Amino acid sequence: MITFPEFSRLAWLRYGVAVVASAAALLLTGLFWPLFRNIPFMPAFLAIFLAGWFGGDGPSFLAVALCAVGLDFFFYPPVSSLRLEEPYDILRIIVFLVVGSLGSLVFRQLWAAKHHRAQLVMTAENARASAETAAGELEQILESITDGFCALDRAYRYKYVNHRAEEILGRRREELLGKSALEGSPMSEAGIGSVRKAMDQGETCHAQAFNPILQRWLATDIYPSPDGVVVLFRDITDRKRAQEEIRRMAAIVESSEDAILSETLDGVITSWNAGAQSLFGYKAEEIVGQPISMLMPRDRKNEMQEILERIRQGERVEHYETVRLTKDGGVVPVSLSVSPVKDESGNIVWAAKIARDITEQKRQQAERERLYREAQEAARVREEFLSVAGHELRTPLTSLQFQLHALRRRVKSGEQDKAVELLDRAAAQLERLVRLTEELLDVTRITTGRLELELEETDLGQIVKEVVNRHKDSTSRAGCEVRVFAPEGITGIWDRSRLDQVITNLLSNAVKFSNGKPIEVRADLDTSWARLTVEDHGIGISPEDQSKIFERFERAVSKRSYGGLGLGLWITRQIVDAHHGRIEVTSRPGQGSTFRIELPLKPPGGALA
Ligand code: ADP
């Protein structure tokens, strides 16, 4: 079936209709001439109508012209001629032409209206087709988008639910369509609030909230629509968890006391935490983007290449102990752990590094080794002391035993003089034993804090002389001349017997180590201090031993060559300290030693120690 617009485009058909209708009208007029004699234009008007109706104004004009010519030619005298003789016929033809033309003009309007209508119909048809296509395409889009999409009407009923929405909400669309979103829906309270707001106030709402029903995080955009609202939403749970994880990790990294940093495989620093700032001194803004080699001492530059090469191979570097430079140029010992960091495609793109300051660890280790060495040394010294002490005690005991046997023989044989001589020697050995035992007891007293001084006014020069006199025999036996320069009247508040012990110790050491060379003992006064000096010209003491000899059990000579427990100087120093005094030694090996003691005349603050 030909549509109007199509037909209107077929001119030959329209004009053909006019020609056929005109011919049919003339034929009809001819056939029924008696009937149409008085109204010969009736069939012609019918033809004009048909031509005008089906063909428009052009064919209608053609029909007017054809019918006028045909009627004139076939029916008005003279017949078979176009001439007209009767004025009345001329008038009728003219009237016919005028009326026919007016009719044709009416058809022009009619056709214009038909055209317009046809165009409207066509436009509407096209619009409907386009709308259908658009609706189809829109549905396709809505079904294929990765967001959930719902349309709600003004009564909050689901009108449309796309496939993704079904997945996120965990419901099939048949269960939701037509149902109210306010009741029994998987929408959270917050979601319902936003939908109401968009519906009531016509405002667009955007929200991110945790949906406790779905146990998922949803990002929702709600837009008012003419029929209600449309809701677009997406599941952002993974993103939220990832963000949370990143925040948590960032907080851990930031609060870590270790330095945590990352760098590219070319060694450019990309991140820097607070721990790194406090370890190396640089702030993040100063160092991010800078080469890691800034932290390397000159002789460690190769290390960086080696570490980064291992990282490129996917290896980890653990607890690598090295040193790094700080901002102020210091060198800090660190333990490094470096791991490769991969991107989403699995390519190694970064190195993550943890640097721990091991200064304290190293110090504790220096310290542990020192304590271990000291403990070993102390054990060695103690062992040596025990063997020395055993030897020292045994020597006088053996000779005492020997002298007692000899004494018995001399007494039996009545050799009085010899017996007395042996008794003197035995008494000397006993004195030595008593002194050794006293020294040992002093060690116990001092270490348990029981060294108590009995302070009284004491004359230093007087004690010096007493001690020297008391040791006259032993010093002369050793071949030592002892020169004393000690005026009397150097008085202070001191413990007399302990000062005696100090002078005895220094003098007996000087005798023991001077190899028969002279010894000088001096005492003098310096304002509020008294000074005592014991100088010998014996074997001397090496500089490294000078600092040790005041310690317990420390000896700078072999036990074979010289007797002694290594306690005399230690006890001497303790006594001097208890008097708030000072003791020092100056010595050159092979040239002799000078021991100098300075004592305040009174204990500080007037207190008795
Ligand atoms: P000792 O019983 O071994 O003499 P001391 O504590 O009195 O113990 O002395 C410690 C060490 O100091 C001695 O063993 C010796 O090596 C050294 N010493 C002390 N006085 C002198 C001195 N006048 N000359 C050389 N060495 C000395």
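**Helices, loops and strands**

Me: At what angle do the axes of helix α4 and helix α5 cross?
Reply: Helices are DSSP runs (H or I, at least four residues), as strands are (E, at least two), and both are numbered from the N terminus. The axes are lines fitted to C-alpha atoms, for helices over the stretch in contact, with angles running from 0 to 180 degrees between N-to-C directions. The axes of α4 (residues 41-55) and α5 (residues 57-74) come within 7 Å of one another, and the angle at which they cross is roughly 160 degrees.

Me: What pLDDT do local features need in this model?
Reply: Residues are numbered from 1 along each chain as its sequence is written, and side-chain values use heavy atoms, with hydrogens and water left out. This is a predicted model in which totals for chains, interfaces and linings use all residues and side-chain atom pairs count only at pLDDT 80 or more, while local features need pLDDT of at least 70.

Me: Are α4 and α5 roughly parallel or roughly antiparallel to each other?
Reply: Angles under 35 degrees count as roughly parallel, those over 145 as roughly antiparallel, those from 65 to 115 as roughly perpendicular, and the rest as oblique. The angle here is roughly 160 degrees, and therefore α4 and α5 are roughly antiparallel.

Me: How many residues in the contact of α4 with α5 are nonpolar?
Reply: Contact means heavy atoms within 4.5 Å, and the residues taking part are F41, A44, A47, I48, A51, G52 and G55 of α4 together with D57, P59, S60, A63, V64, C67 and L71 of α5. Ala, Val, Leu, Ile, Met, Phe, Trp, Tyr, Cys and Pro count as nonpolar, Asp, Glu, Lys and Arg as charged, and the others, Gly among them, as polar. By that sorting the contact has 1 charged residue and 3 polar ones, and the number of nonpolar residues is 10.

Me: Is the crossing of α18 and α20 left-handed or right-handed?
Reply: Helix α18 (residues 496-513) packs against α20 at an angle of about 145 degrees, with the axes 10 Å apart. A crossing is left-handed if the near helix is turned anticlockwise from the far one by less than a right angle, and right-handed if it is turned clockwise. For α18 passing α20, the crossing is left-handed.

Me: Is S81 buried or exposed?
Reply: S81 is found in the loop between α5 and α6 (87-144), where S81 touches D72 and F73, leaving out residues up to four places away in sequence. Buried means under 20% relative accessible area, exposed means over 50%, and partly exposed lies in between, with a 1.4 Å probe and protein chains only. Because S81 has 17% relative accessibility, this residue counts as buried.

Me: What is the omega of the cis peptide bond that joins P77 and P78?
Reply: P78 also sits in the loop between α5 and α6. The bond joining P77 to P78 is cis, and its omega is about -5 degrees.

Me: With which side chain does the side chain of T326 make a polar contact?
Reply: T326 is placed in the loop between β8 (317-325) and β9 (331-342) and is buried, with a relative accessible area of 13%. A polar contact is a pair of N or O atoms within 3.5 Å; within protein, one must be able to donate a hydrogen and the other to accept it, and residues adjacent in sequence count only if both atoms are side-chain atoms. At 2.6 Å, the partner of the T326 side chain is the side chain of D328.

Me: What is the phi of F553?
Reply: F553 lies in the loop between α19 (543-546) and α20 (568-578), and at 18% relative accessibility it counts as buried. F553 is not a glycine, yet its phi is positive, at about 65 degrees.

Me: What is the relative accessible area of V521?
Reply: V521 is in strand β14 (residues 519-526). Not counting residues up to four places away in sequence, V521 touches V464, V482, R483, V484, F485, L507, L532, T533 and V534. V521 is buried, and its relative accessible area is 1%.
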